[in-house]
Amino acid sequence: MLKKKLALVFLLFSLFNLNAQETSNITLRITPGVLINSHSENLGLFLHVEPKIKISENAVIGLRFGLILNSQKFEINESSPFNINKEHDNAVVSFVPTYDYYLNKNNIRPYVGLGIGYYLVSEIPIANPSQGVSDGNVNNQIGGLLRTGVELGKIRFEIEYNFIPKADIEIPNNQIIGTVDNSYLGLSIGFTIGGRKYEKQPQN
C-alpha cells in the first residue's frame with residue numbers, strides 16, 4: 001500500500017513539473033528536512049514535494065505531498081502482552097493543501113503558512129510472545145500544519161509543526177492495544193523549480 005502511495009506522489013510530481021515550466025505562476029518546491037522531536041533511535045527525516053500557485057503578490061496556495069520517516073511515538077496499554085516490533089522503523093504519507101502569506105516583496109521574504117490535510121499511517125508490526133508477529137492497523141488521520149520561515153530567491157529555510165491527533169492501534173481481532181502519536185516538529189531547506197514565463201514559439 002505504501003509503495004502505491006509513493007508512486008502517486010511521484011506521478012503528480014512529474015505532471016506539475018511539466019506545468020511549472022509553462023507558466024510564471026506555478027512553481028514546484030522540493031523540501032528535505034529533519035525531525036527535531038523524533039521519538040525514534042533512528043534519524044527522523046522527511047521529504048515534501050509541493051506544487052504551488054501564486055494567487056497574489058503576497059499569497060501562494062499549494063498541495064504538499066510528504067513522506068515522513070520515524071516520527072511515531074507509541075504507547076502500549078500496561079496490561080497488554082503485545083509490543084511494537086521494529087518500533088524505530090515507521091512512515092507516514094501526507095497530502096496537505098497549503099496557504100502561505102509573504103510579509104513583504106523584497107529579495108528576503110519572511111512568511112507564515114498553514115494547511116489542513118490527510119495523513120496516511122503505515123501498518124505497525126505487532127509482536128506477541130505466543131502468537132508471533134502480526135500487523136496492527138491505525139486509522140488515517142486529518143491533521144493540521146503551521147509553518148514559518150524565510151525565502152531567499154529560490155531557496156527557503158523553514159520550521160514547521162504538523163499536528164496529527166493520536167490514533168488507536170488495533171490488531172486483527174479488533175482489540176485496541178495502545179495508541180500512536182504522529183505529530184512532529186521539523187526543520188527544512190526548500191528548493192524551488194519553475195516560475196519562468198512560457199514563451200510561445202513564433203508561428204510561420
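Here are a few questions and answers on the predicted model shown above.

Residues count from 1 along each chain as its sequence is written, and side-chain values use heavy atoms, without hydrogens and water. As the model is predicted, local features need pLDDT of at least 70 and side-chain atom pairs pLDDT 80 or more, while totals for chains, interfaces and linings use all residues.

User: In what order do the eight strands close into a barrel?
Analyst: Happy to trace that one! Strands here are DSSP runs of E, at least two residues long, numbered from the N terminus, and two of them pair if DSSP finds at least two bridges between them. The pairing in the barrel is antiparallel, and the order is β1-β2-β3-β6-β7-β10-β11-β14.

User: Over how many bridges do β6 and β7 pair?
Analyst: Let's look at both strands. β6 covers residues 91-102 and β7 covers residues 108-121. Within this pair, Val-92 stands opposite Val-121. The antiparallel pairing of β6 and β7 runs over nine bridges.

User: Is Ile-55 buried, partly exposed or exposed?
Analyst: Good one to check. Ile-55 sits in the loop between β2 (45-54) and β3 (59-69). Buried means under 20% relative accessible area and exposed over 50%, with partly exposed in between (1.4 Å probe, protein chains only). Because its relative accessibility is 48%, Ile-55 counts as partly exposed.

User: How many residues make up the largest nonpolar core?
Analyst: A nonpolar core joins buried Ala, Val, Leu, Ile, Met, Phe, Trp, Tyr and Cys residues through side-chain atoms within 4.5 Å. Members of the largest one include Phe-74, Val-121 and Ile-169. In total, the residues of this core number twelve.

Terms used: Helices (H or I, at least four residues) and strands (E, at least two) are DSSP runs, numbered from the N terminus.
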